[in-house]
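Please look over the sequence and the fold shown here. The report below goes through the strands, the core and a few individual residues.

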Amino acid sequence: QVQLVESGGGLVQAGGSLRLSCAASGSTFSINAIGWYRQAPGKQRELVAVISSNVSTNYADSVKGRFTISRDNAKNEVYLQMNSLKPEDTAVYYCYARRWVGHFVAYWGQGTQVTVST
């Protein structure tokens, strides 16, 4: 099992910045991808950013140039630096991880609220 705990969410003014953290514990070995999803009320959960085991990254078009994902393997943590925040970034942000144990298993954090005000 893998446990994921997010932190760093909160209320920020438009144009401001936040840094989200996700701490992974448990069977963190064999995690081949880890990243962030978000879900706004009444909307589908969408992929925000992901970083793979080879450190390649992928971002949603809506956040490219503003968000940066990174990871610290020694600490089993992943981060999402969010700059130039917009009201439309308001959502619950969920950390997720995928692990290979003969098949892929996905894990989800409880989520952290990000609210961008004007």
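## Basis

Strands here are DSSP runs of E with at least two residues, numbered from the N terminus. The model is predicted. By these runs, Ser52 belongs to strand β5, which covers residues 46–52.

Ser52 has a relative accessibility of 18%. The cut-off for buried is under 20%, so Ser52 counts as buried. Its side chain makes a polar contact of 2.4 Å with the side chain of Asn54.

What does Ser52 contact beyond its neighbours within four places in sequence? The residues are Asn32, Ala33 and Arg71. Ala33 is also the residue that stands opposite Ser52 in the strand pairing.

## Strands β4, β5 and β9

Strand β4 spans residues 31–39. Eight of its nine residues are buried, so β4 is largely enclosed by the rest of the structure. Pairing with β5 is antiparallel and runs over six bridges. Pairing with β9 is antiparallel too, with eight bridges. Ala33 takes part in both: its bridge partner in β9 is Arg98, and Ser52 faces it in β5.

β4 and β5 form a hairpin with six residues between the strands. In this hairpin, Gly42 takes a positive phi near 75°.

## The four-stranded sheet

An open sheet of four strands runs in the order β1-β3-β8-β7. Its pairing is antiparallel. β1 (2–7) and β7 stand at the edges with a single partner strand each, so one side of each has no neighbour in the sheet. Neighbouring strands are turned by 15° against each other on average, direction ignored.

The pairing can be followed residue by residue. β1 and β3 (residues 18–26) are antiparallel and joined by six bridges. Val2 stands opposite Gly26 of β3, and Glu6 stands opposite Cys22 of β3. β3 is also joined to β8 by six bridges, again antiparallel. There, Leu20 stands opposite Leu80 of β8.

## The disulfide

How many disulfides are there? The count comes to one. Cys22 and Cys95 form it, with their sulfur atoms 2.1 Å apart. The angle about the S-S bond is -85°, and the link is left-handed. Cys22 lies in β3 and Cys95 in β9, so the pair ties together parts that are 73 residues apart in sequence. Both Cys22 and Cys95 are buried.

## The nonpolar core

In soluble globular proteins, nonpolar side chains tend to be buried together. In this model, the largest nonpolar core has 30 residues. Trp36, Leu80, Met82 and Tyr93 have the most contacts inside it. The elements giving two or more residues to this core are β1, β3, β4, β5, β7, β8, β9 and β11 (112–117).

## Val78

Val78 is found in strand β8. Is Val78 buried or exposed? Val78 is buried, because its relative accessible area is 0%. Leaving out residues up to four places away in sequence, Val78 touches Leu20, Ser21, Cys22, Ile34, Trp36, Ile51, Ile69, Ser70, Arg71 and Cys95. Both disulfide partners, Cys22 and Cys95, are among these contacts.

## Positive phi in two loops

Most residues other than glycine have a negative phi. Asn76 is not a glycine, yet its phi is positive at about 55°. Asn76 is found in the loop between β7 (67–72) and β8 (77–82). It counts as partly exposed because its relative accessibility is 30%.

Ser84 is another residue other than glycine with a positive phi, near 50°. Ser84 lies in the loop between β8 and β9 (91–100). Its relative accessibility is 41%, so Ser84 counts as partly exposed.

Conventions: Residues numbered from 1 in each chain as written. Predicted model: local features only at pLDDT ≥ 70, side-chain atom pairs only at ≥ 80, totals over all residues. Heavy atoms only, no water. Buried < 20%, exposed > 50% of the residue type's maximum accessible area, 1.4 Å probe, protein only. Polar contact = N/O pair within 3.5 Å; in protein donor to acceptor, adjacent residues only side chain to side chain. Contact = heavy atoms within 4.5 Å. Pairing = 2+ DSSP bridges. Axes fitted to C-alpha atoms, helices over the stretch in contact; angles between N-to-C directions. Core = buried A, V, L, I, M, F, W, Y, C linked by side-chain atoms within 4.5 Å. Disulfide = S-S within 2.5 Å.
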